[in-house]
Amino acid sequence: MEDPSRRQLFQIIGSSLIVSPAFAQHVHSEIAAVKSLSGGATYVPKKFNRHNFLLLRKLGEIIIPGSTESGAAEYIDFLASHNDELAAIFNGGFGWLDNYMQKTYGADFLAASEAQRTEVVDKLAYTKNSVPAVAAGVPFWTWTRNMVVDAYYTSPVGVKDIGFMGNGAMSSFSVPKEAVDYALKRSPFANEG
Amino acid sequence: MPQVQKAPEVHDIVVIGSGAGGGTTVKVLTDLGIKVTLLEAGPMLNPAKDFREHMWPWEVDHRGVGPNAENYFGKDIYPFGYFLAPNGFWNIPGEPFTTAPGSDFKWFRSRIMGGRTNHYGRISLRFSDYDFKPQQFDGLGTDWPLKYDEMAPWYDKAEDFIGITGTHEGMRSAPDGKFLPPVPPRVHEQLVQRAGKKLNIPVIPSRMAMLTKSVHGRAACHYCGQCGRGCRTASAFSSSQAMVFPAMKTGLLTVISGAMARELLVDGSGKVTGVSYVDKATRTDKVIRCKAVVVAASACESARLLLNSKSTLFPNGLANGSGQVGRNLTDTVGHAVTGVIPALEGMPRHNSDGIGGMHVYTPWWELDKKNKDFPRGYHIEIGGGYGMPQIGSFRGVAAKAEGYGTKLKDDIRRYYGTQVSFAGRGEMIPNEKSFCEIDPVQVDQWGIPVLRFHWQWSEYELNMVKHMHKTFRGMIEAMGGRVTSPDLPANTLQAISAGGEIIHEAGTCRMGENPKTSVLNKWSQAHEVPNLLVVDAAPFNGNPDKNVTLTIVANAWRSAVHLAEEIKKGNV
C-alpha cells in the first residue's frame, strides 16, 4: 500500500540518517499530489445498499465539498460493516430522510431538486430553522457531519486543504519570520518591537 | 495449582520491570560487567514494526478511530490514540484493580519492553534542593535521606546519557543541568513568552529528552514531532532502545518477556532467594533463583509485589515491618485551560512539528511568595501549533460552528492552529488517606491478588488548581485570546485530575533513615532485606512538580552503582 515516497522515508528513518530539508519538502510535495481514497463508481459498498451509499456521498459533498475524493462514504461504510450500532444509525437515518423527502416533496433525497435538498439540510443544520418534523433526523445529521469532517481532514485532499505541512524529516527546526511577524502584528504585543 | 518448575541455575541479579528504573539498572550493571536477568510482564518491542511514526491516518481504513469504530462510542481501546507507541491501558482485560468507596483513582499500566518510556512526554526536570528536604523547607511531608548535592552528580550522568534540551537559567525551582541546545519557540510559544513577560511569569526553553545533537550513537532528532508514537531512530529517549537493547548486545543480559512476577521468595535468614513468576504464554508458574532482586515494576505494581510476598518472617508483606509499603501514594496535580488566539488566524502556514511537545515551559515562579494558600508549586506545560489532523481534531469547532459546505470549511481552516493550552503539573503533599493495599477478595487472571486504591486530594491541591486556573486565563487573555474551557466549577474537585490520571504515581516504598518509618535506605535497599532494591518512583518522599522520570533514572543509576559495589565487597 505504501507509495514510493513513504518507503523511501522509512528507509532513511530506519537507517538513522539525518534528512535534508529538501528531502522533507520532496516528501511533502508527494503527499500534496493528492491520492484519492474514493473507490470511484466501481466501489462495492460493504454494508449499505447502492442507493444509500450514493445518498451518503451526496450528503458528504453537501457537508464538505470534495469529501467524495477523501473517501468519506467509504470510511463510514467500512466502519458500519464492523459496528452494528453505527450501521443502524446510518441505515435508520437514510430511511428517515428518504421518507421525509417523499412525504414533503414526492421524491427521495437523490431524486429531489437541489433547492429541495437545501431546504431540508438547512432545517437539519441550523438550530434556528429547526422544526419538530425534522427533529428525528438531527442526530443522524450530526453523525454524518462529524464523520465526514473526520474522513475529509484525515485524507490527503483534506490535509492539503487545511495546509498541514509537517510529518517530514529535517536536519534542523526553524520558525519562519513572516509567520512570527504576522502573529505579532495582530497581537496585543504589536507595539513592543 | 499449576506445577511449579524450579530452575536450577542461580542468576546474579534479577530486575523486574523494564521502564526507566529497570532499564537504567540493566544498563548500569551490565556496563559494570555484572550478569542480569530482566523480567518484563509484556512482550518484546520491535520499533520497526510496533512504532507508527510517520504514518498518515489514511494508511489504515479506520483512520485511527479503531477497527470497530470504538472511539465514536467512547470505548478508548487506544488510550492516547491509535498512532501512539504501544503504551498500555487504563484498564487491562483480566487484570483489574479496585477503588475504595469515594476514591477516584485511575491506574495506567504498560506491559511492553520499555514500559511507559516508549511514549512518555519526555519532560526532564531535576528536583530542587527543597524537594529533597520538604519537611525542612516548610514542615510538610518527609525528607529524603539524601540531599540535592548527593543526587546532582547522578543527574549529570543521566542527562549526559539521555540527552536533554535546555538552557541555564539559575532558578532555584528549576536547577540547571547538562543540556543539549534548545529548540526555537514556535509562533504561539513566542506569544506566550510575551504574555509571560507582561505578567512576570518566566517562560523558558523546555527540558526534553530529545536529541538536538547526536549522542552515544543515537541519531539527532528529525523534528517530526511524533515522539509519542515511539521514535525509530531513538532520537527521543526510551529505556527499551537506549538502555535495554544495547545491554542485550553485551551478552550479559538475559531477557524474559511475558513474565508476570507473582511473589518474591525468601530464605530463613530473610534474604530474597528468587522470584516466582507466571509465564503468561503457557500459564505456568516458574521460579528463577538469584542473588539479588531489583524491583522496578512502577510504584504501585512494586508495592503490590512486596505486599503479596508474605511469609512467616514477613507476615505483612516483604520488607514491610514499617507498614509503609503502599502508603504515601501521590500523583501530580493536573488542571488545564485552553483558548483560541485570534492573532494566529490566517497565519502563513508552515511546519510547526519540532520536537514532540512544548519548546518552552514555565517553571514554578512564586517560590518566595508569602501567604499562599497552598505549599510548593507547579510548572506549566504549553500546547499549540499545527498538529497533524486526526479523527476528532475538528469536532470542537464543528460542534460550535453550525452549518455546512464552504462555510464549514472556512470555519475549520480559520480555527486550525489557533488553539493554545496551558496544563498545570503541580506537587501533591502525601496524605494518610491516599494509599494502595491488597484487595482482600479479588485476584487477577493469573491468580495474583489485586490492588485496592484509596484516594483523597486535600485543600492544598484544590487551592493550587484555583491558582492554576486564574493564571492560565490571565495568560490567554494577555495574548488577546478567548478562553474556550469552562469556568472553574464551584466544586474544585470537578476540575482537578483524578488520582493517577497524570501517570506520575510515586511514594509507595519511601526511603528514609529510620526503618520504623520508611521501607528503603538511601540506596533504595530495603532496610530489612539487603539484597532487595526498589528503583522506580516508589522510593520518592513526595512528588515535586518536576515529573518523575529523570529522577527515577538518576536514583536508579546511583542505586545500581552502589549495589555493584556491595556485590564486589561481598555484602550482597
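Me: Which strand is B:Lys286 found in?
Reply: B:Lys286 belongs to strand S8 of chain B. Strands here are DSSP runs of E with at least two residues, helices are runs of H or I with at least four, and both are numbered from the N terminus. This is a predicted model, where local features need pLDDT of at least 70, side-chain atom pairs count only at pLDDT 80 or more, and totals for chains, interfaces and linings use all residues. Residues are numbered from 1 along each chain as its sequence is written, chains are lettered from A and ligands numbered from 1 in the order in which they are written, and side-chain values use heavy atoms, with hydrogens and water left out.

Me: Is B:Lys286 buried, exposed or partly exposed?
Reply: B:Lys286 counts as partly exposed because its relative accessibility is 26%. The scale calls a residue buried under 20% relative accessible area, exposed over 50%, and partly exposed in between, using a 1.4 Å probe and protein chains only.

Me: Which residue is 10 residues apart from B:Lys286 along the chain, and what separates their C-alpha atoms?
Reply: That is B:Ser276, with 5.7 Å between the two C-alpha atoms.

Me: What does S8(B) pair with, then?
Reply: Strand S7 (residues 272-279) of chain B pairs with strand S8 (residues 284-295) in the antiparallel sense, over 6 bridges. S8(B) also pairs with strand S16 (residues 532-534) of chain B, in the parallel sense over 3 bridges. Pairing requires at least two bridges found by DSSP.

Me: Which residues stand opposite each other there?
Reply: B:Asp279 is opposite B:Thr284 in S8(B), and B:Val293 is opposite B:Leu532 in S16(B).

Me: How many residues sit between S7(B) and S8(B) in the hairpin?
Reply: There are 4 residues between them, and B:Arg283 in the turn has a positive phi of about 55 degrees.

Me: Which residue forms a salt bridge with B:Lys280?
Reply: B:Glu95 does, with the closest N and O atoms 3.9 Å apart. The two lie 185 residues apart: B:Glu95 is in the loop between helix H2 (47-50) and strand S3 (98-99) of chain B, and B:Lys280 is in the loop between S7 and S8 of chain B. Both B:Glu95 and B:Lys280 are buried. They also belong to a network of salt bridges with B:Arg111, B:Glu301, B:Arg304 and B:Asp444.

Me: And what about B:Arg172?
Reply: Its side chain meets that of B:Asp129 in a salt bridge at 2.9 Å, N to O. B:Arg172 lies in the loop between helix H5 (148-162) and H6 of chain B, while B:Asp129 is in helix H3 (residues 129-132), 43 residues apart. B:Arg172 is partly exposed because its relative accessible area is 43%, and B:Asp129 is partly exposed because its relative accessibility is 32%.

Me: Are B:Arg186 and B:Glu189 buried or exposed?
Reply: B:Arg186 is buried at 6% relative accessibility, and B:Glu189 is buried with a relative accessible area of 0%. Their side chains meet in a salt bridge, 3.1 Å from N to O.

Me: Switching to the interface: how many residues does each chain give to the contact?
Reply: Chain B gives 75 residues and chain A gives 70, where contact means heavy atoms within 4.5 Å.

Me: What area do they bury?
Reply: About 6200 Å² between them, 63% of it on carbon and sulfur atoms. B:Trp58, B:Arg194 and B:Tyr404 supply 13% of the area that chain B buries against chain A, more than any other three residues. Buried area is the accessible area (1.4 Å probe) that two parts lose on being put together, summed over both.

Me: How many salt bridges are there between chain B and chain A?
Reply: The count is 4.

Me: Last one: how many helices and strands does chain A have?
Reply: Chain A has 9 helices and 0 strands. Of its 193 residues, 49% count as buried.
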